[in-house]
Each structure stands twice: as structure tokens, then as C-alpha cells.
Amino acid sequence: MIALAAYAPLIALVGALINGIFGRNLKEPLPGYIASAAVFAAFVLSVMAFFGLQGQEHGSNVQLWQYLSAGNFKLNLAFNIDHLAVIMMMIITGVGFLIHIYSIAYMHNDSGFSRYFSFLNLFIASMLILVMADSFPLMFIGWEGVGVCSFLLIGFWYGIKANADAARKAFIVNRIGDFGFLLAMFLTYKVFGTLNIADMLGHIQVARVLPAGLTAIALLYLLAAMGKSAQMPLHVWLPDAMAGPTPVSALIHAATMVTAGVYLIARIAPLFAASPSASMVVAWVGLITAFVAAFIALSQTDIKRILAYSTLSQLGYMFVALGCGAYWVAIFHVFTHAFFKALLFLTSGSVIHAMGGEQDVEKMGGLHKYMKLTSITAFIGTLAIAGVPFLSGFFSKDAILAHAFTTTLAPVALNYIAYIILLVTAVMTAFYMMRWYYLVFLGKERLSKEAKAHVHESPSLMTMPLGVLAFLSVVAGYFGLPEFLAKNQFASWLENSIEVDISFGHPPVWLEWTLILISVAAAAIGLGLAYWVYSRKKSKAMLRISNSAIAKFSQSGAGFDGFYNAGIIKPAEETAEGLALLDAEVLDTGLSSLALGVGLFAGLMRKIQTGYIRFYALAMALGFAVLVILAAFWGKLS
Amino acid sequence: MIGTEYYIALSAIIFSIGTVGVLSRRSAIMVFLSIELMLNAANLAMVAFARAWASEGALAAMNGQAAVFIILAIAAAEVAVGLGILVAIFRYRETTELDLLSEMRL
Amino acid sequence: MLSFVILAVLLIAGSIGVVSLKQPVHAALSLVASLMTLAIVYISLEAHFLAGIQVIVYAGAIMVLFLFVIMLLNVQEQKENKFAWMKPAAYIVGALTAIGLVANILQSPTPALNAELIDTIIAGGTAEGVAQVLFNQFVLGFQLVGVLLLTGIVGATSLVQRKAEIAKIEEDLANA
């Protein structure tokens, strides 16, 4: 029953092939249904694997075949379906299925309809390979596969140059992370002599490796995770990735692919647990990302960009959890975040669809009365991400805050700083999400004439997934209630896969309650402040908080793009121009004279080739004669 | 009984004479004739070896003679096709002189 | 030994005739003589069936074909020779090859022959003896040779066909 799940990627791949090869000839909704059916089948297999794993201590290792064998080095195409992988599989296929359904309506009448679904299925297949892989190279195949799909889908409307540029930017920045992954694999093989994940983790526990080696490997894997999960300073591709269709943003750039980095670190958690310094770097990367991204999100005006920066910030939270050694908490946040962020993206897709392609929040407002269902589900998502009690985001975010407060992995006092930064970030999160909601759905209508004529509630194919995701956003948190209230299902489930021994301080219950109250207060302050600010300021110019320098800094994305342009791209271009000059002046002259010499020599050799067959025959016979003479008088040739 | 090596040496000499013919004759048909000579030299060696292999049993020994039989049949087919080509070339070019048929060099 | 020497001299003389006689018809007849001598050599090697085949197929059928074509085309080697040095070069190379090969052969020992064994095993190289191998071990090769001969006949026929006839056939095909 568990082993069957190994065929889930195959099913998605077959769906991709069918749509990729025959899609052109299929009538419009059909490719969407084929793709959705494939993902649904994969989802059913994942759920079967989930129930199969109930009560089992170890996952199931499915060997399919050996695809690489060189001396002692062997690589199997093998899937490791354990408790951690199955959670990810259910997120990928479950959310993926809803987004496929949504896309059927969203991509209606698009000329690339079948191509879109082919890419989407290919993405699901790659992502499943990534999470199920039992060795690093196989994981890398999935890792690159999702990168390619991300590239293809960001640049889906490649006719517009900005989209194609965004796709290339995503690909190039991701290469930096992939480079880290490759180096990490090389080093892993050098140090541990294996590329099998379980074997490597087993070797760590035997501990014959110097801590420095472990830290180096851990940091390289962190680089890989930073690229894929868009952590600062490699985050610049994610906001631009919003050029793709909105369901793609929901699936790839919010719910699944960007969490691959979190998954990678959780998968090799014992490595990070054995290296406190690497874990500290993870935590700081996460902290900086969470804070700066939330700060940037405060002033963005593109409906999707706000959400993109919010995704960055939430990924930062997950990295903090990883850095604190609270691996199950990170995966728990992946789990809840997948639902509410996918929900928020899909509602914004619904809005964009209704507005006829408009993405600027300054040209929205008051949409609640036109599209009630979208508005209500968006509101649920907003509350969930802001951390309002009893919704899923509250539980996972609170768990991160609590574990950051009590971790023993970080040096003393550092965890309090981390806690405060996260708390401030939580206030900002609540603020920008309320701002987002208010500017889009409430307040004065600022719609253009065409948009106003066009605006309508989306078809039921789109609102149905919204409803399901809204429901999940509400209930998903109850799997991971705080330890002192009830048994934590999520943590005990993942303990089977993530075997680390990290202790957390156990504060008295009154302190736990205080921490919870503080985070509730943070959410309330953020939400209330945003509502107060935006309901008072009615004029269009006042949509931004102010025109101060700090606001401009936030609006420009904290200057990262400008910095990269001036610091890396410009010098690289200038160097390239210099090299081009060198190439033209020095190398080309040298090469052309070399070619001239070869030509002269060839002309000389050409004289031998007379074209008279007798010459060739004579040459052959002469060669034979020389051979036999040599053999006869100067010993045997052999 | 004459030793095998004498027959093989005779075969080698005939083969070399055939080579001379291939190299020195200018008419394609004469070259073809010389090639037949070389083919027969090889056949002679094969038959001589068949006799030398008698100690290995009838099946192994008769391999050589059976091979000669097959070569004979192939030679017949080869001659038919080869002469057909020559006739076709002659019709087209009015000659079978090899030096006048040098089209391998463009 | 004497008979072998006589046969060898005849064979070599005939072969030299093939490569040196000016008139193509003479050269071809010289080849016929060589092949006939070779048939006798086959008899001395206890290959009686092959000797017969050699006379019938080679000296008979194939050489008749050669003579026929030589006469049909009226082949005459031209007087002018662009590469006169080719001829001595060919003789030198041929002589070198012969010396090298013979020296090699005489250097390698060959096992002594057992006349009684040869008489019982080869049994005169009858058609039956050849057929035993041909229709058991080489049956596939035998079939393929049959196919090859058929292909050769068809190929030769189509090659020799006159252009006008080909054009007519193509026209018929186009009309059909």
C-alpha cells in the first residue's frame, strides 16, 4: 500500500506527456481534466501511503531500479516514503489538485492551455521525486526539475519581454543555490563515502567526522536551500516570479517549490543538529529574511508582490524554526502556510481575473460587494496568516515563536533577540495583510471604467477550491496544538522521520500562556493599526504610509535589485566587453593564422589524393608488402 | 606426400602475381581478371588447409572445401554484377580505362 | 614431388601470362589455362568435387562470360600511358609481397601429414563430403548465397538494360 505511492510521480509524468504531446489536438477543458485526474490519482496514492504509515515506526524504501553503477559507487532509483515525505506528498498533490481545478477556469481561452497543464503536471512529478528521493542525486533531479518547471511557468507568457526576463532571473539566481547543492554533494561523498541520505545520516550519528567538515557540508546545503527557498540575499527572483500565471504563483512560488529548501534541511536535520554554528547561520538567514521581507511588503502596490514578499517573510519564519532545531515546527508551518498562502494567491487570482488583468491595488477597493465569496475566503486567509487565534497560522507561528524563545541550540540571550525580531515581524505581517485586504476589498472604489464594467464573481470552478482551502486554513492548525494543551499529533508523527536530539527549555505554563497572549496582541495591533490607518486616509495619494525616505526604501525592495545591478551585473557586463575586445583582437588573429596554416598543410596533403584508383591500390599493396616483409625478417609482429 | 607449406607458398606466389596484375593493368576488365586470379589463390590455400586439418575430424576438415564452394558461388555472382557494371560504364563513357575514370577526386 | 613442381610451374607461368599479355583475349585464355591447372592441383589435394566445379563453373561459365564481354566491348589498352612508372612499381611491390609471404610461410612449421588419416577423413573430397558440411553447418550461408545469386542476376540484368528501355518502363509506370 505504501509502495504504490512510488508510482505517483510516474502518473503525473504520464499526464504531462499526454498533454505535452497530444494536448494541441485536444479540445479546451480536456487537458485540464486529464492533468487534474493525474494529480488526483497521485493524491489518492499519497493518502493511501499516509494511512499505510499509521502506527509504523519506519518509512518504506522502494527500490525501482539501479540507474548508475561505477565500481563501488551505485545509485538506485529508489524512493523513501516515510512520515516526512508523505506529509509533503499530500501537500503537493492535495493543494496541487485544487490549483489544477482552479486553473481550468483561470486559464480559460488561453492559447497555451494544454502547454500550461503539461508544465504543471511535470512540476508535480518533479516535486514528488524531490521529496521522495532516497539519495541526493535523485533529489537533485527533482530539484532541477522543479527549477525548470518554475522557469517555464514564470515565462509562460514569454511574448512579453519582462516575463521572459523574470524567468531567466529566477533560473540564474537558482543556479547559485544549485551550485551549492552540487558542491555539498561532492563534499558529502568525499566525507561520508555515500550519497544515500539515510546512510549519510547514519554516519553522522557514528560521528567520525570533524565538526568543521559537518559545518561546511551543512552550510553548502543551506546555500542550496537559500536559493530554492528564496532567502536573502538570494530572494530577488521570487517577487519577479509573479510574472507567471497566478495559480502558478500559488502552487510553485508559495505552497510547494519554495518550501523545498525547508524540506531539504528538515530531511537532513541530524546534520544541522550536529553543527550548532551552521544552525545559527540558518536562524539568522531566516530572521533577516523574515524581517526585511515583511518591511518591504508594507509598501508594495502590486496585489501579487505583497503576497510574494509575505511568502519570503513566512519562509524566513520556517528557517528560524529550522535554525532553532524545531524541525517539526518548520514542516508544520510549511503545512499551514501551504493552505493559507495558496488561498491568498488564488483569491488574488480571482480578483485579477475579475478586474481583467489589473494588478495595482491602488486601482481596486470596495470589491467586497462584487465578489463576496472571494472576499470572505480572502479574509479568512488574511486572519490565518496574521495569526488570529484558532486559525491555522496562529498555531504554527506561535509554535515558531515559542521554540525560538526556548531553544537551547542558540547561545544564551540570542534566542530572546530572535524572539523580539519575530514578534515585530508578526506585527508587520498583520499590518501588511490587513492593508492588502482593505485596499482590495474594502474602502472606496477606485476602479477604472473598464474594470468596473468587467468586474464579476469568478466561476464556481474557481471559487470551489477557494472554499476548500479556506476550510483547511481554519482547521489545519489543530494537528499541532501546543504540547501543554493536548498531545501534539504533528510532532509525534514526524518524530519517526526526523531523529534528532535537541532539547528545548520547558517554561512554566503561565509563561507559555503569556507568550501566546503576546502573539495574539501582536496580531491584534497589526490588524487594528492597518484598519485604522487605511479607513481614515481616503484620498488616493495617501495609500502609501508616507513619502519619507524609509517608505521609498521599502518600496524599492530594500534596494537589493539596485545593489545587484550596480555591484554585480554592471561590472560583469564591463568585464565581458573587455573580454570581447580581447577575443576579437588577440584570440581571433591567432586563431585565423592557425586556420591559415592548417589550410596550407591541407593543400599540400591534397596533392597525394590524386583520385586515380590505381594510386590507392598501389599504396595499399605497398603497405601490405612492408608488413609481411617486416613480419618475415624482423620477427613476428605480435 | 607434399607438405602443406608448399601449397601455401604456391598460393602466396599466385596471389602476389594477381596483385601485380591489379596494379599494372590499366583496363578495368583486366584488373577484374587479375582479381579472379587472387581469389583462386585464396581458394588454393583453403583447400590445402582442409587437407591439413584432417586430424581434427571430417566436419572440421571439410569446412575448408565447403567454404571454397561458397566462394565459387559468390565469385559467379560477383562476376555477373561486375561485368554488368563495366558494360554500363562502357556505354556511358566509351572506355574502361581506369586512368580516364578518375572521378573520386572532385 | 615432380608432379607438384610441374603443376606449380604451369600455374605460375599461366598467372604471369594473365598479368603480362597485351591482348586481353590472350590474357583471358591464359587465365583459363591457370584455372584448369588449379583444378588438377585440387585433385592432388584430394578435392575431387571442387576440381570438377572449378572446371565447370570457373573455367567454363565465368571465363566464357569474361571472353564474351571482352569481345563485346573490344577492349584494347591504349597506347599512351600517363603513369608509365606504375608498371615497374607494381612488379617491385608484387615481388616484395611474394618474398615476404613465402618467407613467412616457410618460417612457420606445419604439422606432418598422415596419408592414411587423410584418405579416410577427406575421402577424396566427394560431393557427399562437401554436402555433409554445407547442408548442416553452413545451411544458412548456403541459402544466403542462393539469395545473393538471384540478386546478382537481377542486378546485372537491370544494369545492362538500355537507357531507352528504362525510359519506356518508367513511362509505363507513370501512366499506370
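Let's start with one pair: A:V62 stands opposite A:F79 in strand β2 of chain A. A word on what you see above. The model is predicted, so local features need pLDDT of at least 70, side-chain atom pairs count only at pLDDT 80 or more, and totals for chains, interfaces and linings use all residues. Residues are numbered from 1 along each chain as its sequence is written, while chains are lettered from A and ligands numbered from 1 in the order in which they are written.

Back to the strands. β1(A), residues 60-70, and β2(A), residues 73-81, pair in the antiparallel sense over nine bridges. Pairing means that DSSP finds at least two bridges between two strands. Strands are DSSP runs of E, at least two residues; helices are runs of H or I, at least four; both are numbered from the N terminus. The hairpin has two residues between the strands, and A:G71 takes a positive phi near 65° there.

Now helices in chain A. How do α13(A) and α14(A) pack? Helix α13(A), residues 276-297, and helix α14(A), residues 303-323, pack at an angle of about 160°, with their axes 7 Å apart. Axes are lines fitted to C-alpha atoms, for helices over the stretch in contact, and angles run from 0 to 180 degrees between N-to-C directions. So α13(A) is roughly antiparallel to α14(A). The cut-offs: under 35 degrees is roughly parallel, over 145 roughly antiparallel, 65 to 115 roughly perpendicular, and the rest oblique. Their contact has 19 nonpolar residues, seven polar and no charged. Nonpolar means Ala, Val, Leu, Ile, Met, Phe, Trp, Tyr, Cys and Pro; charged means Asp, Glu, Lys and Arg; the others, Gly among them, are polar.

Next, α8(A), residues 211-228. Its axis and that of α13(A) come within 9 Å and cross at roughly 20°. The two are therefore roughly parallel. In α8(A), A:T215, A:A218, A:L219, A:L222 and A:M226 meet A:S277, A:A278, A:V281, A:V282 and A:V285 in α13(A). That contact divides into eight nonpolar, two polar and no charged residues.

Last, the chains. Which residues touch? 75 residues of chain C are in contact with 67 residues of chain B. Contact means C-beta atoms, placed from the backbone, within 7 Å. On chain C's side, the largest share, twelve residues, comes from α4(C). By class, that side has 57 nonpolar, 14 polar and four charged residues. With chain A, eleven residues of chain C contact eleven of chain A. Here chain C's side has seven nonpolar, four polar and no charged residues.

Conventions:
Contact = placed C-beta atoms within 7 Å.
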